[in-house]
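Q: Below is a structure to look through. Please explain the terms used for its strands as we go.

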Amino acid sequence: MIVHASYKRLQNIIPSLSPSRFFEALTGEVFPDGSVIFPSFTYCLKRKDGTHEVYSSDKSIPKTGYLSQKFIEHPGVIRTSSPTHSFGLSGDVTNYIRGDNSPESPLGFGSVMQWVADSDNSYALLIGTDFTSFTFIHFLEHYYKVPYLEQFCWEDDYIAAAAGIEREIHLTEVPGCSKGFIKLEKFLLGNKLIQKQLFSGVPVYYINLRFLTDAADDFFKFHYAELLCSDEKCQCCASRKKYLQKEKF
Ligand SMILES: [Zn+2]
C-alpha cells in the first residue's frame, strides 16, 4: 500500500493520533504481512547554474510532507536512493527493493511504482489529498506510454540528471507537473469508477491499483493531453504541449 496523507487532515479525523501510532497501525495491524510505502521525494535535479541540492538518503528532508519525514525515521523503514523520487519502504517490499534503488526512469521501469504495479492486491490510500499528489499516476504515464513523457520539461533551469551524494544519474522519463491529474480524478468519479469517502469532512480514497490501471485505460488512450495543466505559468506543461503540437505535424 502506498500512502499519501496530510497529517493535519488526518488529525481532523482522529485528533490524538501520533505519526508513530499511525505507522504502527498500518504496518502491524492493517498489513502485518504486506508492505507500506510513503513517497519521500526531494526533486534533486541538477540545476544548470550548479546551485542544486545534492541528495543524501540520511540527510535530505522530504518535500512530500511531515508524515513522509516521520515515516523514514520510523524503526525498520528503509529509504531508497533516487535523488529526485525516493521512497520510504516497510515490510515485504524490502525483500525485493534495496536501499540503492535509483532507476533512470524514477517512477517508471525498475522503480518502486513498477514493483507496486506488478504486485497483487496493491492499493493507494489518500487521506486529505487529491490526485495532484497521487504518484502512481506518473507510473501510468509510463505504462500507457503517453508521448509527452519523452519531453524533458524542466529544460529552462535544469538538465535531465539527478544529483546524489554517491553519484550523478542520467534520467529518462522525468516526471513533470501533476496539477492536471485532477482531470483523471473527475473522470473516474464521474463514471463512478472510484469512490470518495468523507470522514469528518476529510476526503479519503482507498483504491486498488490494478483496478485503477484498467479503469484509466480509455482516459490514457484518448484524453492523455488533459493531464497537462492549464496554468499559463507552468513551464513544464507548456513545454510538453508544444512537443505534442510538433508531433502532430
Ligand atoms: Zn502544469
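Q: Which residue of strand 6 stands opposite Val-3?
A: Leu-125 in strand 6 stands opposite Val-3. The model is a predicted one, in which local features need pLDDT of at least 70, side-chain atom pairs count only at pLDDT 80 or more, and totals for chains, interfaces and linings use all residues. Residues are numbered from 1 along each chain as its sequence is written.

Q: What makes strand 1 and strand 6 a pair?
A: Two strands pair if DSSP finds at least two bridges between them. Strand 1 (residues 2-5) and strand 6 (residues 123-127) are joined by four bridges, so they meet that definition, and they run parallel. His-4 stands opposite Leu-126 in strand 6. Strands here are DSSP runs (E, at least two residues), numbered from the N terminus.

Q: Why are both faces of strand 1 called covered?
A: A residue is buried if 20 or more other C-beta atoms lie within 10 Å of its own, exposed if 12 or fewer, and partly exposed in between, with C-beta atoms placed from the backbone. Ile-2 and His-4 on one side are buried, as are Val-3 and Ala-5 on the other, so both faces count as covered.

Q: What makes strand 3 and strand 8 edge strands?
A: The open sheet has three strands in the order 3-7-8, with antiparallel pairing. Strand 3 (45-47) and strand 8 (168-170) each pair on one side only.
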